[in-house]
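Reader: I have a new model open, and I would like to learn how to read it. Could you walk me through it, starting with a sheet?

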Amino acid sequence: MLNKSSYAISSKAKAMYGKRLKLEDYQALIAKKSIPEIASYLKKETYYQEVLDGINEGSIHRGKLEYLIRQDLFERFNRLLKYGLGDQHGTYRWFIVLTEVEQILESIRVIQSQDNFDMISRLPLFLEKSMSFDLKELINARSFQDLHKVIEHTPYNKLLSRYLFVEQENVDYVQCEHILKEYYYQTIFDILKENPDSASFKAMRDIFHLQMELENINKIYRLKKYFKTAPSQINKYMNKARYHINDKLLHKFIYDCNLEEFIEALKHTYYGKFIKKSGVDDIEWLSKQILYHNHRQNLLYSNDPDLVLIAYLALIEVEIQNIIDIIEGVRYKVPQDKIFKLLLI
Amino acid sequence: MSIVKMKYIQTIADKNHYKEMLITGANSNYLHGELASNWIDVENGDTVLVEDTLYNDTLNQIHNLCHMAGYQIKPKEQFKKYTVEEIQAFLVDFERIFKTVCEVNDAVSLNADDGVALEKLREIGFEAMNQCRYVTFGFGRMPNESMKKLDLHDQSKYEMVELHKSNIYTWVAYVTSNTFVKEVKRIFDSLYFEEIKIPIIDTHRILVEYADAVDDMVAFLKYRYDLMKLYKYVGVVDGNYVLAGFVSEQDVRAYKALFQHIDVVFQEKDVNEVSNLKPPTKLKNNWFTRPFEIFINMYGLPGYWDMDPTTFVCLTYCLLFGIMFGDFGQGFVLFLLGTLLELKNPKMLLAGVISRVGIASMIFGFLFGSFFGNEELFNPIHQALFGVKDKLFHVMDGSSTMILLSSAILIGAVLILISMLINMYLHIKHKAYGELLFSPNGITGFILYGYIFYGLLGMFMFQYQAFTKLNLILFLGIPALIFLMKEPLVHLVEGKAIRPKHGWGAYFTEAIFEVFEIFLSYITNSMSYLRVGGFVLSHAGMMLVVMTLVEMTGKSGLLVMIIGNIFVIGLEGLIVGIQTLRLQYYEMFSRYYSGGGKEFKLISKDI
């Protein structure tokens, strides 16, 4: 992925991470009474000063604040890449693939709902030139035929053709998401395989395997809890990657356990210690915490530029999510202690 | 060189002319007004002219509302005159309109960029936009990033115009049919459009319309308010309005001439005829000594009946500074700097002082043969002019040190004796004969100090003996006794009871210590002048260090010399300036000067 001579990137990423929001920042943000107050604090007291400079915090919209922070994340990512080898290299490629997947999924939702307002407002135009399809055309796609035309000359066409050219109401969104995510991970592993002998190969593969496995656990949890989905259907949505849970155990989770039994069984696996330690059964939140913990370890103790960069991006993504949770919490007047429990710090 | 002679003048007018009289007096540039409360006779029914707060209150009210409405008042030069009823009617109208403007401004909180955009929108007309029945206007700012996304939406349902753009936002106005207004608003809202309310009235236009009337009224109110600030100088005596004050003797005719067109009467008196009032002091000095008035003002002006010491201060200040800071080159720099500052700001008295002490430094620098620390440059001139072998005076020569220090004390003694003479002159002027005869700075003090000075000169310089027994009894013993008996003797001369206030025992106990203190002060005051010699040596020493550094630094020598000279001029110039002032205030002023005068202040400065 990155040139190994670019070890400066890990130092730079660590230095940038040093400026992250701290506990006292989160406490101050939670104590705010309105979104303008949050924007004002971020603008005046944190490193978001640069991106928020010039905005009218008195009238800022939650969506715009989120958009600006995300734009800032991309700019920081770009700055970090200057220490590496630029936008033709692996890390940048998987970042773009990730964005493309998210945009296609967003487009499918738009086609189903026939309302593209939110998609337009969130559209990452700053990445427009790096995309393999035209973002503006994607926005105007009002049918799967339109979408097909937009992605016709991209790898996504082949992936989705089986699923998109059916009646619109029968499109299986979860399946599409599963296929695109598979492709995303496949892209990552293909990039990793370009340097199979590198020291970071195993560490990188491990972190993505962990991520994929946690996604599997989350899907089982969600589909069993909220949708009562048939086991055979759940099985279709599983990633291929196995890390701490083998095929046999995964099969047991899907076919032999109801929700309670699944959680109980999970407690006897590698992930059990996290459930016991935190004392909560919210598997989705625990998954995030496990990933957060792993990325944090990598950022603090690894010197591998790829690993540190990926950890940095993941941790900042967590920070952005924390800010969004605070904004939502303040907006809907959620008690401060409840907002605090949502945060990954 | 003197204190300007004054005349006390009362200008009297009737009820119909007093305002004009007051304005003419205030604009005359001749009159030092005397507060009416100082001279009216209350028992006789005299009163001070009472102020009316209407003008001030109204002025404040207009200022506050204009400030809140964002209107910058520009009072007119020429203005109409208003009656009280007209002012009150104006105020009612003004408050109603400007309060509405303030309310509209408060509702639309604008930054500078908003203002620029709104200014362009004004061309359409705010009232017109608000009155439209079938279409809706929208105005606000949209992030530039969102502007790029606007064409991704259906644009057929609105018309939009860009008004202004910054790095972050674009200010736009749109118009849409009432049928599509919800849809269009949703598009704009989804792109983080921050709406700014279109004002219901055009506040700018209203302010422009009212500007003339407001400026005119403010000018009139200010004129009346300024006039009222002078009422304190007008006393009402027997129904007449009297403006009283002091005018310099030479300006009396010119002052009176200004009132030719007004029906007034003058009453002119000599200053000693108005013993209940303290005449103001106005110093008059020539161009050379005038800058030194700054030191007199700092200490306190002399009383009207005292002497103006500016010339004496000028001469002694230049002499002492010149000796202590004797360098031709550095003196020239000070002269140049002072002259330039004086030309740039003629009112800057300190600049004049700098240029004059610069000249003194140049003179003594030439005599010491010193030019920017170079001690040999003037040698050929000295040899040609004074016929000396090397140079006139070697400051750094070991044998010169004692001469320098002795000369410093000599100069000090002479200055102390002159200070005593001035003091005696002032006592004669004030007819204070007791103090003249018996005080330490009077005749007795002068004889005692002069005798010691004369005796020491004979002992160390002219080889004669003045300290004989008889002389010591006459010129030391008797003066000491006089000091001891000073208070009873002064009382005797002034025709008062000889016995001291607190009895003889207490008096002698106190007087013995006082006599001891007088002798001590003669010694310490004289020793204080040692600093004059000390600073000559210090200055030469500092320049020696600079010149040694110049030699050590080789090619950079010139730079070191420039920096060294700047450093010495800055640091030592300041120290010597302060030390000279200290000698003025402590050693000389303390012997003859008391201050306590009242400044001559033109009545116009109150406006």
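Author: Strands of a sheet pair through backbone hydrogen bonds, either parallel or antiparallel. In chain B of this predicted model, four strands form an open sheet in the order 6-7-5-8, with antiparallel pairing. Strands here are DSSP E runs of at least two residues, helices are H or I runs of at least four, both numbered from the N terminus, and two strands pair if DSSP finds at least two bridges between them.

Reader: Which strands stand at the edges?

Author: Strand 6 (159-165) and strand 8 (194-195) of chain B do; each has a single partner strand, so one side of each lacks a neighbour in the sheet. Six bridges join strand 6 of chain B to strand 7 (residues 169-177) of chain B; B:His164, for instance, has B:Trp171 as its bridge partner.

Reader: Which helix packs on the sheet?

Author: Helix 5 (residues 112-121) of chain B, touching strand 5 (135-143), strand 6 and strand 7 of chain B. Residues are in contact if their C-beta atoms, placed from the backbone, lie within 7 Å.

Reader: How many residues of chain A are in contact with chain B?

Author: There are 16, meeting 13 residues of chain B. Helix 7 (117-122) of chain A gives the most to that side of chain A, with four residues.

Reader: What is the mean pLDDT of chain A?

Author: pLDDT is the predictor's confidence in each residue, from 0 to 100; the mean for chain A is 84. Local features need pLDDT of at least 70 and side-chain atom pairs 80 or more, while totals for chains, interfaces and linings use all residues. Residues are numbered from 1 along each chain as its sequence is written, and chains are lettered from A and ligands numbered from 1 in the order written.

Technical notes:
Two residues are in contact if their C-beta atoms, placed from the backbone, lie within 7 Å. Axes are lines fitted to C-alpha atoms, for helices over the stretch in contact, and angles run from 0 to 180 degrees between N-to-C directions.
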